[in-house]
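Here is a short tour for anyone meeting this structure for the first time. Have a look at it, then read on.

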Amino acid sequence: MIKNVFLIALFVMLSIPCKSQEAIHKSPKLVVGIVVDQMRYDYLTRFYNRFGDGGFKRMITNGYNCKNNHFNNVPTYTGPGHTSVYTGTTPQNHGIISNHWYDKFSKKMVYCANDPSVKPVGSDSEMEQMSPHRMKTTSVADQNRLHTQLKGKTIGIAIKDRGAILPAGHTANGAYWFRGKDEGKWITSTYYRNELPEWVKKFNASGKAASYFKVWDTKEDIKTYTESGKDLNTFERGFEGKETATFPYDLRKLKKANEGYDLIKSTAFGNSLTADFAIEAIDGEALGADEVTDFLTISFSSTDYVGHNFGVNSKEVQDTYLRLDTDIERLLNKLDQKVGKGQYTVFLTADHGAVHVPSYLQSIKIPAGYFDSKVFEEKVRSYVKEVFKADNLIENISNNQIFFDYKELGNNAIDAEKLQKSIAHFILQENQVDKVFTRSQLESVEYTSGIARLIQKGFNQKRSGDVVVIMDPATISYSKTGSTHGSGMIYDTHAPLLFFGHGIKKGSTTQKTKITDIAPTISALLGITFPNGATGDVLSFVIQ
């Protein structure tokens, strides 16, 4: 009798861990990755009291908020940013070193998503030949496809092609981006399929995009927008055909002078259109409809267009985020209804932040400035020609990098390291230049902190240049209106990171986290292999 009782008790005890283990490894039906293009972390805090309860606040209150999350590489641009989020590594490994960069082998500038070997689907424009073929590593969505024997589906969506393509990875079932100009359609390429699916055709024919040619006025009374600067100021560009960069904007009247449907991209309504399309994709692709985990990657691109045009302190940026909050609420409500509460996991982050408009900073006595890259290039080329008595030693100057022509160096018996050091010393004498790094330094020394570490993480041995130049804080090569990004300064590296839904704890941390931690964390949640180049860490305190 005692023996039987003991055996029963032992059986019960042994069964408990098995059930717990099963619960731990039960994956969500759908993972939704949201990247908000050009979203500074402080937009969450600055506009927090203006948000509703169902969007950003719902994710913060019921999810996990990493308040001290940063990019750990330079440059901080859209292409590298999206790629780092989903690959769990930096340009040093994934190879997307910028949006456009100089290719030393083809001797021309290349675009991070361009692929001449494919054709556009849904548009006749040769500008839409796109694929992820320049990305050297896998994404977390790729690993989910591999883990599920390609049963788990991946769909990527963004107004920008690179924002749709790079996150979705190499094995995606589809990536869709918005073709503006006079077309106003969501399109793809033959990398994914030879014809648009019926649900995309139906959406394009619905007139939804054209419906946003309406008046863009503030969502709420503009007098209550005290979290941003004056509506009328000298730091914003605005739209062609309107004398001032002030609300309201009659988009129907401005359409012709502003590249047709491209105008919608540059307003808050571009995010709404993206949310509309993503919501349709959940139904059209039956995402999260079974027990095999699917991936939906969404990038809200219009926040970047608005920021570049009007600046981070503008009424337009504030209104764009208040409207985006509503769009995120719509998306979460759709996921609740279609996939089920507690059955999906969402993370939200950004691809980079942005600097305050330098001319605005100057007006309030904060050090800032504008760097004339054309004059800089002329000075560098003249210096090299004078000192080394040879033409064409420099092949290209772009993305704050200098590329040498190694054939010319050989013809003139010039040592590459000597040329690097000489140019670096010369450039450091220039006003507005803060630091300079050479290829020899980046290849021979392992930096562990500071801007040097970020530069090294963004330096790809095969694709990057021979000298890297760092500007002073808040110093940019850009117009004197609007904001931009790209540096390793806090305003560009500090990005929000929210986790929400299935398998996610409630809480927050001020512990420093990295963008490259996102993909390993989601991989751990799903119980799958990390992306093959991943260098980030699992944020174990986020996962239940």
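Let's start with strands β15 (residues 401-404) and β17 (residues 467-471), which run antiparallel and are joined by two bridges. That is enough to call them a pair, since pairing takes at least two DSSP bridges between two strands. Q401 stands opposite V468 in β17. Strands here are DSSP runs of E with at least two residues, helices are runs of H or I with at least four, and both are numbered from the N terminus.

One note before going further: this is a predicted model, where local features need pLDDT of at least 70 and side-chain atom pairs count only at pLDDT 80 or more, while totals for chains, interfaces and linings use all residues. Residues are numbered from 1 along each chain as its sequence is written, and side-chain values use heavy atoms, leaving out hydrogens and water.

Back to the sheet: it is open, with four strands in the order β14-β15-β17-β16 and antiparallel pairing. β14 (394-398) and β16 (433-438) are at the edges with a single partner strand each, so one side of each has no neighbour in the sheet. From one strand to the next, the twist averages 15°.

## Helices on the sheet

Helix α17 (residues 416-428) packs on the sheet and touches β14, β15, β16 and β17. Its direction makes about 175° with that of β16. Contact here means heavy atoms within 4.5 Å. Angles run from 0 to 180 degrees between N-to-C directions, using axes fitted to C-alpha atoms, for helices over the stretch in contact.

Helix α19 (residues 450-458) lies across β16 and β17, at about 50° to β16.

## Two helices side by side

Elsewhere, the axes of α11 (residues 269-284) and α13 (residues 315-338) come within 9 Å and cross at roughly 5°. The two are therefore roughly parallel, a label for angles under 35 degrees. Among the residues making the contact are F269, A275 and I282 of α11, and R323, L331 and K338 of α13.

## Buried places

S266 is in the loop between α10 (262-265) and α11. Is S266 buried or exposed? S266 is buried, with a relative accessible area of 16%; buried means under 20%, with a 1.4 Å probe and protein chains only. Leaving aside residues up to four places away in sequence, S266 touches W216, F239, Y305 and V306.

Definitions and conventions
Parallel < 35°, antiparallel > 145°, perpendicular 65-115°, else oblique. Buried < 20%, exposed > 50% of the residue type's maximum accessible area, 1.4 Å probe, protein only.
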